[in-house]
Amino acid sequence: MAKNQELAKLFEEIGKALEFKGENQFKIIAYYKVARVLRDLPQDIEQIWKAGKLREIPGIGEGIAKKIDEYLKTGRMSKYEEVMKDIPKELLELMDVQSLGPRTLKLAYERLGVKTKEDLLRVIENGSLEKLPGMGKKKVENIKKGLEIWKGQEERISIGIALPLVERIVNYLKGEYPDVQISPAGSLRRMKETVGDIDILVGKDNGKEIIETFTKFEEVERILAKGDTKGSIIVKSGEQVDLRVVPIQSYGAALQYFTGSKAHNIKLRTIAKGENLKVSEYGVFRGDKFIAGRTEEEVYAVFGLPWIPPELREDRGEIELAMKGQLPKIVEYNEIKGDMHVHSNYSDGADTIEKIAKYAKELGYEYIVIADHSKSAKYAHGMDEERVKKQWEEIDRVAKQVGIKIFKGIEVEIDREGNLDFSQEFLAKFDVVIAAFHRAVKQDLTPIFIKVCHNPHVDIIAHPTGRLISQRAGYTVDIDRVIEEASKTNTALEINAYYDRLDLSDINAKKAKDKGVKISIGSDAHNVGMLNYLRFGIGNARRAWLEKDDILNTLSAKELENWLKTHKAHIS
DNA sequence: GCCGTTTTCGGCCCGACTGTTTTCAGTCG
């Protein structure tokens, strides 16, 4: 799968370079689209290429197929080299800075010689950026803010990148050492939305050999360290991965120790101290005597505690509850019966309803909610009433043919007054109405969301805070007030599982749970590969202490249908 | 660049917001 990521990165950079150069915007979109498709593709592009089926993937046409072919044959792509020839690589990275687009960057590059983050900071500070034509105090201020967010984020790796990467490495190692215990550790195992570094733990009495194997992973770019107990690599996509090897009898203790969080571990060690015990990555000791450490269960059991799921280990009260035997029974990954938010090619999704339905069935889902954009989402090819009706016919046909329940949903646009895209009469005809706000405005959206809660046809509010983890904080909205109102009106709130959103966040989702608000977990998939992102949302839900009953899509299709019909009965 | 039950050429991505302007350019979704 490594080639998928490599190609995705190349196409994304070509897209950026063309944007910088002011190329045809549709061409740029085509490159970005294929980058996304490749990044999320569940199959290995190399296999598809070998089978001669590149062109069957939506987004890959004659031109891009040729480029993929060239790259897989020669390891190079002449188009990439050509467009990158006269652009410094660091410059393109700056395009990810919020409020700094290709035009401004080009201007800064040509007039002020800005090539790096440091250059940019300098021309912000010395006022020369502000003096350029079309620039001014506020624009520069926004770019400065964007740069700060970007700088703060660049060190952290999204779980959407980190988890698949770690799984590729763990699978590779397990292939070589089938009988050895191997696991991701650190904040990644706790399913945190971003992680600082990637840790993998191995339980093996002799580490040298497996560390050697680790450094031969196909995606390795550079080996930083290679010893008896620790190996460290940088992979081609730029992330650093550390591998630690501990003796088998210490595996559980080490896994517990390296999984964290730090705060959780400190609390556990404090308890240990009170009982004259010592906990370290090597085990639990009384004096010099080893009493536990082979498994995590064993370690927790020493303190009379049940095993605590990694997602709960944040010292948010979980240890106290565990001591009382009152740990919440958080939702299991296999308790999710369907995906609540999926886009098809009726709006800006890449795949047909049929393809989505078949893949969802493969995933073992009982149902999915197709929720495409509504008409005023022009950028996303939003649907008007006519196209919606056409879609309904297709849904009925596909559902019957594939044998999966498909709910007729809509991700309906909310305007600045809190009105929706369709009439109340028309909204009433959908199975599931997910209301969403997508504009970049500074106005306080709290009253708008409250109004939406009171709309009897709105079942769910999508990504309620509007944050994009790598880019922006989110809307101006008092989320506590919205949760309060959602609770009063029985409106569900979404955990959007797309890894750059994860919105509601774990903290906000927990607040919602505490107020009795139902949570809907949706992948917001724009192609079938993205259906796999749902697990990030489930991980987030687990971090939020959500139990089966807090979540809409643990309901069976029948139960969900019933909930949809009755949950707003008290609102007229 | 891709795509095709109007099309192998011409549509796809358009509107809103912000900040700079005094009619528009850049950015965003």
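Predicted model: local features only at pLDDT ≥ 70, side-chain atom pairs only at ≥ 80, totals over all residues.
Glutamine 391 lies in helix 18. Start there.

Is glutamine 391 buried or exposed? Its relative accessibility is 0%. Buried means under 20% relative accessible area, so glutamine 391 counts as buried. Now look at what surrounds the residue. Leaving aside residues up to four places away in sequence, glutamine 391 touches Ser344, Tyr346, Ile353, Ile370, Asp372 and Met383. With one of these, aspartate 372, there is also a polar contact: the two side chains are joined at 2.8 Å.

Next, the helices. Two packed helices are described by the angle between their axes and the distance between the axes. Take helix 17, residues 353-362, and helix 18, residues 385-402. Their axes come within 9 Å. They cross at roughly 35°. The crossing is right-handed.

Which residues of helix 17 meet helix 18? They are Ile353, Glu354, Ala357, Lys358 and Lys361. On the side of helix 18, the residues are Gln391, Glu394, Ile395, Val398, Gln401 and Val402. The residues of this contact divide into 5 nonpolar, 2 polar and 4 charged. Glutamine 391 turns up here again, as part of the contact with helix 17.

Strands of a sheet pair through backbone hydrogen bonds, either parallel or antiparallel. In this open sheet, 7 strands follow the order 11-12-13-14-15-16-17. The pairing is parallel. Which strands are at the edges? They are strand 11 (338-342) and strand 17 (519-522), and each pairs on one side only. Helix 17 packs on this sheet. It touches strand 11, strand 12 and strand 13. The direction of helix 17 makes about 150° with that of strand 12.

Follow the sheet strand by strand. Strand 12 covers residues 367-373.

Strand 13 covers residues 405-413. Of its 9 residues, 8 are buried, so strand 13 is largely enclosed by the rest of the structure. On to strand 14: strand 13 runs parallel to it, with 5 bridges between them. Isoleucine 410 has valine 433 as its bridge partner in strand 14.

How many residues of strand 14 (residues 432-436) are buried? The count is 5 of the 5, so this strand too is largely enclosed by the rest of the structure. Both of its faces are covered. On one side are Val432, Ile434 and Ala436, and on the other are Val433 and Ala435. All of them are buried. Strand 14 also pairs with strand 15, residues 460-461. This pairing is parallel and has 2 bridges. Here alanine 435 stands opposite isoleucine 461 in strand 15.

Strand 9, residues 283-286, pairs with strand 10 over 3 bridges in the antiparallel sense. Within this sheet, valine 284 stands opposite alanine 292 in strand 10.

Two more stops remain. First, glutamate 70, whose place is in helix 4, residues 62-74. Its relative accessible area is 24%, so it is partly exposed. Not counting residues up to four places away in sequence, glutamate 70 touches Gly75, Arg76, Met77 and Ser78. Methionine 84 is 14 residues apart from glutamate 70 along the chain, and their C-alpha atoms are separated by 17 Å.

Finally, find glycine 22. Where is it? Glycine 22 sits in the loop between helix 1 (2-21) and helix 2 (25-40). At 46% relative accessibility, glycine 22 counts as partly exposed. Now compare chain and space. Glycine 22 and aspartate 421 are 399 residues apart along the chain. Their C-alpha atoms are separated by 34 Å.

Definitions and conventions
Residues numbered from 1 in each chain as written. Chains lettered and ligands numbered in written order. Heavy atoms only, no water. Axes fitted to C-alpha atoms, helices over the stretch in contact; angles between N-to-C directions. Helix = DSSP H or I, 4+ residues; strand = E, 2+ residues; numbered from the N terminus. Left-handed = near helix turned anticlockwise from the far one by under 90°. Contact = heavy atoms within 4.5 Å. Nonpolar A, V, L, I, M, F, W, Y, C, P; charged D, E, K, R; others polar. Buried < 20%, exposed > 50% of the residue type's maximum accessible area, 1.4 Å probe, protein only. Polar contact = N/O pair within 3.5 Å; in protein donor to acceptor, adjacent residues only side chain to side chain. Pairing = 2+ DSSP bridges.
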